[in-house]
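The following explanation leads the reader through selected parts of a protein structure. Please keep the model in view while reading.

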Amino acid sequence: MNPGFFKDVFESTRCGILTIDESGRVTAVNHLGRSILSLAEADSGPIPCEELLRNHPRMSRMLLDSLHMENPPGRFEIDIEAEGRPRRVVGGTISHVRDGEGRREGAVLVFKDLTQIEEGEEQESLKERLAAIGEMAAGLAHEIRNPLGNIGSTATLLKRKLSGNDSGILALNNIVQEVRRLNHTVTQCLEYAKPVNLTYRPLNLASLLQEVVEDVQAKWPRGGVLVTESHTGGEAGPLMADGFQLRQAFHNLVANAFDAMEGKGELGIITLLEPSGHKFAASDISGEDNPPYFAVVRIRDSGRGITPEARERMFFPFFTTKAGGSGIGLAVAKKIIDSHRGLIDVESEPGRGATLTVRLPYPGGPIDA
């Protein structure tokens with residue numbers, strides 16, 4: 001096929017396209033992409049990503065970080081600004097570029113200007129519908145909790161009137177357990193529906209993770225899971241974050257790992273400081289969008305692993321592969337990490353466990369740096 005055809009497709013598509021190689025250098029940008037990002041035509045040829053996108057550091061950070069991730073961000077929306085132009089909303093996706101033998105050669109960013117949709121009547125109507133659905137779901141959850149509470153209380157009272165190993169007691173025990181499970185699911189649904197309002201305070205991440213592990217271990221037979229915790233990368237100061245919200249997020253992630261191992265196996269938790277891999281001007285160091293470091297938490301379990309199909313959907317609400325699972329815990333965890341402007345990545349193969357990596361923006365650095 002004529003090579004010029006592919007160039008025509010590249011330039012004619014109704015999306016912006018930008019590609020980088022494994023070293024983080026931009027190899028191609030189509031015309032629409034330059035227009036959306038306000039890039040000059042003079043910026044051509046291989047050029048470092050952070051240099052070409054110096055006015056769009058968040059986009060540069062996502063692209064470069066995708067080279068260190070097993071699954072790059074499937075969907076994102078960010079605000080961009082350019083001198084002399086109003087704020088705009090850009091949405092897109094990042095994918096790895098691989099050759100015919102599956103070797104990764106770089107990454108491609110496909111994006112569109114969503115400003116008109118974001119600000120138009122269609123988006124406003126969508127927001128209203130989503131808000132109505134959220135209110136309806138919250139109302140249904142409250143209505144369900146009341147009869148659940150009555151059922152659970154009645155079953156408990158009936159148990160007290162029976163004695164011995166009566167089959168009725170076994171049935172009532174089952175009712176009480178199911179009521180507790182449903183009530184837990186309803187509570188998680190309410191948590192997911194609520195907006196995340198963050199209260200930032202200094203936080204010792206290692207201490208928080210230790211408390212989370214102790215909480216989760218208390219619900220499983222003692223000694224069934226060997227837990228190892230370590231910290232590398234230099235002594236770090238406190239992380240500015242919402243400790244209550246992050247505690248819930250990491251609790252859900254660690255509990256999911258215990259479930260995957262069915263309470264027996266090995267769990268490794270590593271915390272470290274990781275340079276973001278970008279070059280920053282002195283004025284950028286304190287900016288939320290331009291952290292020179294990430295506080296990184298890796299949670300590795302020896303469980304049954306995750307199939308590629310499940311990995312694509314594991315953070316979707318109500319998606320679960322566990323019998324009796326609600327499919328809310330991981331969705332809530334991702335929502336909280338996203339609200340902290342963090343990233344979560346998953347590496348896994350069926351039968352070989354899974355590693356979840358959480359990266360949280362850390363504007364400081366090692367104390368001894």
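**Salt bridges and a buried serine**

Asp 215 and Arg 247 form a salt bridge whose closest N and O atoms are 2.5 Å apart; the term denotes a side-chain nitrogen of Lys or Arg within 4 Å of a carboxyl oxygen of Asp or Glu. This pair links distant parts of the chain, 32 residues apart, with Asp 215 in helix α8 (residues 205–217) and Arg 247 in helix α9 (residues 243–261). Helices (H or I, at least four residues) and strands (E, at least two) are DSSP runs, numbered from the N terminus.

The model is predicted: local features need pLDDT of at least 70 and side-chain atom pairs count only at pLDDT 80 or more, while totals for chains, interfaces and linings use all residues. Residues are numbered from 1 along each chain as its sequence is written, and side-chain values use heavy atoms, leaving out hydrogens and water.

The whole structure holds nine salt bridges. One of them joins the side chains of Glu 22 and Arg 104 (2.9 Å, N to O). Glu 22 lies in the loop between β1 (16–21) and β2 (25–29), whereas Arg 104 belongs to strand β6 (residues 104–113), 82 residues apart.

Arg 104 also touches Ser 66, which, leaving aside neighbours within four places in sequence, is in contact (heavy atoms within 4.5 Å) with residues including Pro 72 and His 96. Ser 66 lies in helix α4 (residues 57–66). Is Ser 66 buried or exposed? Ser 66 counts as buried because its relative accessibility is 0%, where buried means under 20% relative accessible area, exposed over 50% and partly exposed in between (1.4 Å probe, protein chains only).
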